[in-house]
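Morning, everyone. Let me put the structure up, and then we can walk through it piece by piece.

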Amino acid sequence: MLTPHLRNATGILFALGVFMVLGGCGQLAYRLDRRAPEQFIPNPLELPPMDDQFVWSQVVDTVDDYFRISREQPVQNSNNFLLDGRVETSYRVGSSVLEPWRKDSTAGFEALQSTLQSIRRKATVIVRPRGAGYTVEVIVQKDLEDTDRTQYATETTATRRHDGTIVRQVGGAGDSPQTLGWISLGRDTSLEQRILRDIFRRVTEQDARRAHL
């Protein structure tokens, strides 16, 4: 049986949990929604005129929801100096259907493929000044892992011999498949569409953007 102090502590924790759930509904829905946009979004996408630092911060914040950023060059759009902005990310192994909190695989085929195959993706986002406005281009490259054999395959790289000859395995690789390289599968257009939509919403719909922060 709980003591009065424990009951009070439990009640406080329960109330705090309810508050966090209700206050974070918008963020939770944003994190779990991996659907690609139903309406096609041009790529590159045109953005209206606004402060270059604000545009860049929204672009970086959006990309960070999907990948780990490895390099960035901020956009500059002033009367005296124009410079394209560029964000490059590290490769990330595709999220499966059992990882709904990750957003690097869109729902449907992409998530299923990332579940059944070893898929990796990386993104490059380029922001170009166009007068007082901007264009944003998103490029997501998708690769398939190339291995010497399938997982749990019956064949092995070293065949067991029964003639008394000793076969020594060097390197201790065991029976795990070895990666030979990565095969390019082209661009993941559905994820490109998703990132473009999020950038556009963050830049143009401030109320909706606050709900996601």
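Start with Val 97. Val 97 sits in the loop between strand 6 and helix 4 (109–116). Helices (H or I, at least four residues) and strands (E, at least two) are DSSP runs, numbered from the N terminus. Val 97 is partly exposed, at 43% relative accessible area. Our classes: buried is under 20% relative accessible area, exposed is over 50%, and partly exposed is in between, with a 1.4 Å probe and protein chains only.

Before going on, the ground rules. This is a predicted model: local features need pLDDT of at least 70, side-chain atom pairs count only at pLDDT 80 or more, and totals for chains, interfaces and linings use all residues. Residues are numbered from 1 along each chain as its sequence is written, and side-chain values use heavy atoms, with hydrogens and water left out.

Back to Val 97. Together with Leu 98, Leu 112 and Leu 116, Val 97 makes a nonpolar surface patch of about 430 Å². Patch residues have over 30% relative accessible area and no salt bridge; like charges are joined within 9 Å, and nonpolar side chains (Val, Leu, Ile, Met, Phe, Trp, Tyr) within 5 Å. Accessible areas come from the Shrake-Rupley method with a 1.4 Å probe; for residues, only the protein chains shown count as cover.

What pairs with it? Two strands pair if DSSP finds at least two bridges between them. Strand 8 (residues 133–147) runs antiparallel to strand 7, with 12 bridges. Strand 5 (residues 85–89) is also antiparallel to strand 7, joined by 4 bridges. Strand 6 (residues 92–93) pairs with strand 7 over 2 bridges, again in the antiparallel sense.

Look at Thr 124 in strand 7. Glu 88 stands opposite Thr 124. Ile 139 in strand 8 stands opposite Thr 124 too. As for Arg 92, its bridge partner in strand 7 is Arg 121.

The turn next. Strands 7 and 8 form a hairpin with 2 residues between them. Gly 131 sits in that turn, with a positive phi of about 65°.

On to charges. How many salt bridges does the structure hold? The count is 15. The criterion is a side-chain nitrogen of Lys or Arg within 4 Å of a carboxyl oxygen of Asp or Glu.

One of them joins Asp 61 and Arg 202, at 2.7 Å, N to O. This pair links distant parts of the chain: Asp 61 is in helix 3 (residues 52–64), Arg 202 is in helix 5 (residues 189–204), and they are 141 residues apart. Asp 61 is partly exposed at 29%, whereas Arg 202 is buried at 3%.

Arg 121 comes up again here. Arg 121 forms a salt bridge with Glu 110, with the closest N and O atoms 2.9 Å apart. Arg 121 lies in strand 7 and Glu 110 in helix 4, so the pair ties together parts that are 11 residues apart in sequence. Buried or exposed? Arg 121 is buried, at 0% relative accessible area. Glu 110 is buried as well, at 11%.

Then Arg 187 with Glu 192, closest N and O atoms 2.9 Å apart. Arg 187 is partly exposed at 41%, but Glu 192 is buried at 4%.

Salt bridges link Arg 92, Glu 99, Arg 102 and Asp 104.

Now Tyr 91. Arg 120 lies over the face of Tyr 91, 3.7 Å from the ring centre. Lys 122 lies over the face of Tyr 91 as well, at 5.1 Å from the ring centre. The test is NZ of Lys or CZ of Arg within 6 Å of the ring centre and within 35 degrees of the ring normal.

Two last stops. Asp 188 is in the loop between strand 9 (179–187) and helix 5. Asp 188 is buried, at 1%.

Finally, a backbone check. The peptide bond from Asn 43 to Pro 44 is cis, with omega near 15°. Pro 44 lies in the loop between helix 2 (25–32) and strand 1 (45–47). That's my tour.
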